[in-house]
Amino acid sequence: MGQITLIATAAMGLESIVADEVRALGYDCQVDNGKVTFVADERAICRTNLWLRTADRVKVKVGEFRATTFEELFEQTKALPWAQFLPMDAQFPVVGKSVKSKLFSVSDCQAIVKKAIVEHLKQHYGVSWFEETGAQFRIEVALHKDIATLTIDTSGAGLHKRGYRIKQGEAPLKETLAAALVQLTNWNPDRPFVDPFCGSGTITIEAALIGQNIAPGFNRDFVSEQWSWIPSRFWDEAREEAEDLARYDQPLHIVGFDIDHRMVDIAKTNAQEAGLADLITFKQMQVKDFRTKDEYGVIVGNPPYSERLGEKEEVEQLYREMGKTFAALDTWSIYILTSHRHFEQLYGKQATKRRKLFNGFIETQYYQFWGPRPPHSYEKLSH
């Protein structure tokens, strides 16, 4: 196959983190709104799906062009090298979206793209009918300001679906965002890590995966594993690489607690499913009861936001209690995600830094309160 253009899609605000991960795998990339683009070989499909912690999906970019009429969309889609990617028995459903474009009818765009691909494949394979009984190649036509981008999804289920979350609470944090929250901190595996609102355990589990350098996709399958043009040995090699790079003997000191005992039980179940139950301590506790003699730890919390009526006073009281409790942790660094606009006033301290992130469709700020750097004499934890 040779070199192909790949796109790692990202939630708004996470593009630079995804780009760092792509570069860490050895690929030069270009960062745009919602996506990171890079050129690589088929092996990169295996490696990026296994390793990208904060990307939503990895897609093959088949082509990009300007289209303001349905005829332009049809002809230019038909001219793309579809047979290079789609075998004769391929299932190729077409999905679409259109933003600020003359071609705004998504259903019409999908139908035209499908027809154009069929015409291209008819000419290439010399047949007039396609059974579509083989591997799946989900195609997307995305129109933005009259530029059409055509891609094939390599991931299948979104990359946030790691395979460990058996149960979840009412407002679960996506695993990709949870991983980003950890990566935006100054934490390293030698320092204590605490999530005081652990819910179903997502942030602590992602921290443990990062701490032991375990590939987030180690526990799941990807749709492109069924594609004949990616040799199965590439997947085997990528999984062997992930196994070799994991640091299973790295000791970790990770604690998650929650006021709701049912969530604590769910978190324990999920950690067990991820194979990390021995590395994370979960307990039922209120924030105001948190005490520790550990130093230079990191707290990452996604507390309630008071998005619902009647919760505001309760949530604001919680933020005040957090401020008082965490004030005693003078060597710790504290990171809190919330949509509450007056968080700093309630917490009683101004953040060192803020970063805008989206939790689903909710615009939030990631408040970062940096503690002092640990001294060189700070000993590794022996947990």
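Trainee: Which element gives the most to the lining of the largest pocket?

Mentor: Please bear in mind that this is a predicted model. The elements that contribute two or more residues to that lining are α6 (202-211), α8 (261-273) and α9 (312-327). The greatest contribution, 5 residues, is made by α9.

Trainee: Which residues lie nearest the centre of the largest pocket?

Mentor: This pocket has a volume of about 1,300 Å³. Its lining is made up of 18 nonpolar, 11 polar and 10 charged residues. Of the 39 lining residues, those nearest the centre are Ala-171, Asn-302, Pro-303, Pro-304 and Tyr-305.

Trainee: How many residues of each class line the second largest pocket?

Mentor: The second largest pocket has a volume of about 740 Å³. Among its 25 lining residues, Ala-10, Ala-11, Met-12, Asp-56 and Lys-174 lie nearest the centre. Two or more residues of the lining come from each of β4, α5 (175-183) and β13 (353-359). By class, the lining holds 8 nonpolar, 8 polar and 9 charged residues.

Trainee: Which residues does Ile-152 contact, leaving aside its neighbours within four places in sequence?

Mentor: Ile-152 is among the residues with the most contacts inside the largest core. Contact here requires heavy atoms within 4.5 Å. With those neighbours set aside, the partners of Ile-152 are Val-58, Lys-59, Val-60, Val-62, Trp-82, Phe-85, Leu-86, Phe-137, Arg-138, Ile-139 and Trp-227.

Trainee: Which residues are included in the second, separate core?

Mentor: This core has 61 residues. Included in it are Ala-178, Val-194, Phe-257 and Phe-290.

Trainee: Why do the buried residues of α3 line one face of the helix?

Mentor: The buried residues of helix α3 (residues 70-78) are Leu-73, Phe-74 and Thr-77. Viewed down the axis of α3, these buried residues line one face because they fall within an arc of 95°.

Trainee: What covers the buried residues of α3?

Mentor: Leu-73, one of these buried residues, is also among those with the most contacts inside the largest nonpolar core. The cover over the buried residues of α3 includes β4 (57-66), α4, β6 (139-144) and β7 (147-153).

Technical notes. Residues are numbered from 1 along each chain as its sequence is written. This is a predicted model: local features need pLDDT of at least 70, side-chain atom pairs count only at pLDDT 80 or more; totals for chains, interfaces and linings use all residues. Side-chain values use heavy atoms; hydrogens and water are left out. A nonpolar core is a set of buried Ala, Val, Leu, Ile, Met, Phe, Trp, Tyr and Cys residues joined through side-chain atoms within 4.5 Å. Buried means under 20% relative accessible area, exposed over 50%, partly exposed in between (1.4 Å probe, protein chains only). Helices (H or I, at least four residues) and strands (E, at least two) are DSSP runs, numbered from the N terminus. The arc is that of the directions from the helix axis to the C-beta atoms. On a 1 Å grid over the protein atoms alone, a cavity is a set of points where a 1.4 Å probe fits but cannot get out, and a pocket is an open set with protein on both sides within 12 Å along at least five of seven lines; lining residues have an atom within 4 Å of a point. Grid points are joined across faces, edges and corners, and a volume is the space filled by probe spheres set on the points. Ala, Val, Leu, Ile, Met, Phe, Trp, Tyr, Cys and Pro count as nonpolar, Asp, Glu, Lys and Arg as charged, and the others, Gly among them, as polar.
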